[in-house]
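Let's take a walk through this fold together. Have the sequence and the 3D view open, and we'll go feature by feature.

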Amino acid sequence: QVQLVESGGGLVQPGGSLRLSCAASGSIFSINDMGWYRQAPGEQRELVAKISSRGITNYADSVKGRFTISRDNAKKTVHLQMNSLKPEDTAVYYCNARLALAVTMAWDNYWGQGTQVTVSS
């Protein structure tokens, strides 16, 4: 079994900062891309940022310059530093990883349970 466990969400005022973390555990052979998606009420889930195993990053235009994604391959973790938060950043944030299981070597996408981020005064 593979688990992605997120932490770090919460309530923050506009202009504030939060750091999300996600740790992958289980019988994992290899991890390719890791990333963060978000879903606001009534909206579709959208990509926020992703990072390859080599550190190549990709950001949504709406968060460029404000959010920074990073990962630790040895610890199987990915982080999202969110600065200058805006009310429109309010959403449930989901960790995502494309990984291969150790037993089957089958690649698939895995999701965390989600963590709520609320930006409000």
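Where does Met 105 lie? Met 105 lies in the loop between S9 and strand S10 (107–111). Strands here are DSSP runs of E, at least two residues long, numbered from the N terminus. Before going on, a word on the model: it is a predicted one, where local features need pLDDT of at least 70 and side-chain atom pairs count only at pLDDT 80 or more, while totals for chains, interfaces and linings use all residues. Residues are numbered from 1 along each chain as its sequence is written, and side-chain values use heavy atoms, with hydrogens and water left out.

Met 105 has a positive phi of about 60 degrees, although it is not a glycine. With a relative accessible area of 42%, Met 105 is partly exposed (buried means under 20%, exposed over 50%, partly exposed in between, using a 1.4 Å probe and protein chains only). Ser 84 isn't a glycine either, yet its phi is positive at about 50 degrees. You'll find Ser 84 in the loop between S8 and strand S9 (91–101), and at 40% relative accessibility it counts as partly exposed.

**The sheet**

Now look for an open sheet of four strands, ordered S1-S3-S8-S7 with antiparallel pairing (two strands pair if DSSP finds at least two bridges between them). Strand S1 (2–7) and strand S7 (67–72) stand at the edges with a single partner strand each, so one side of each has no neighbour in the sheet. From one strand to the next, the twist averages 15 degrees. Strand S3 (residues 18–26) and strand S8 (residues 77–82) run antiparallel and are joined by six bridges. Pick Ser 21, for example: its bridge partner in S8 is His 79.

**The core**

In soluble globular proteins, nonpolar side chains tend to be buried together. The largest nonpolar core here has 30 residues, and those with the most contacts inside it are Trp 36, Leu 80, Met 82 and Tyr 93. Such a core is a set of buried Ala, Val, Leu, Ile, Met, Phe, Trp, Tyr and Cys residues joined through side-chain atoms within 4.5 Å. S9 gives the largest share of this core, five residues.

**A charged network**

Side chains of opposite charge can pair when their charged atoms come close. The count comes to four salt bridges (a side-chain nitrogen of Lys or Arg within 4 Å of a carboxyl oxygen of Asp or Glu). Three of them are listed here:

| Salt bridge | Closest N and O atoms |
|---|---|
| Glu 46 and Arg 38 | 2.8 Å |
| Asp 89 and Arg 38 | 3.0 Å |
| Asp 89 and Arg 66 | 2.8 Å |

Arg 38, Glu 46, Arg 66 and Asp 89 are linked in a network of salt bridges. Asp 89 is buried, with a relative accessible area of 1%, and Arg 38 is buried at 6%, whereas Glu 46 is partly exposed at 36%. Arg 66 is buried as well.

**A proline to finish**

Pro 14 sits in the loop between strand S2 (10–12) and S3.

Definitions and conventions
Axes fitted to C-alpha atoms, helices over the stretch in contact; angles between N-to-C directions.
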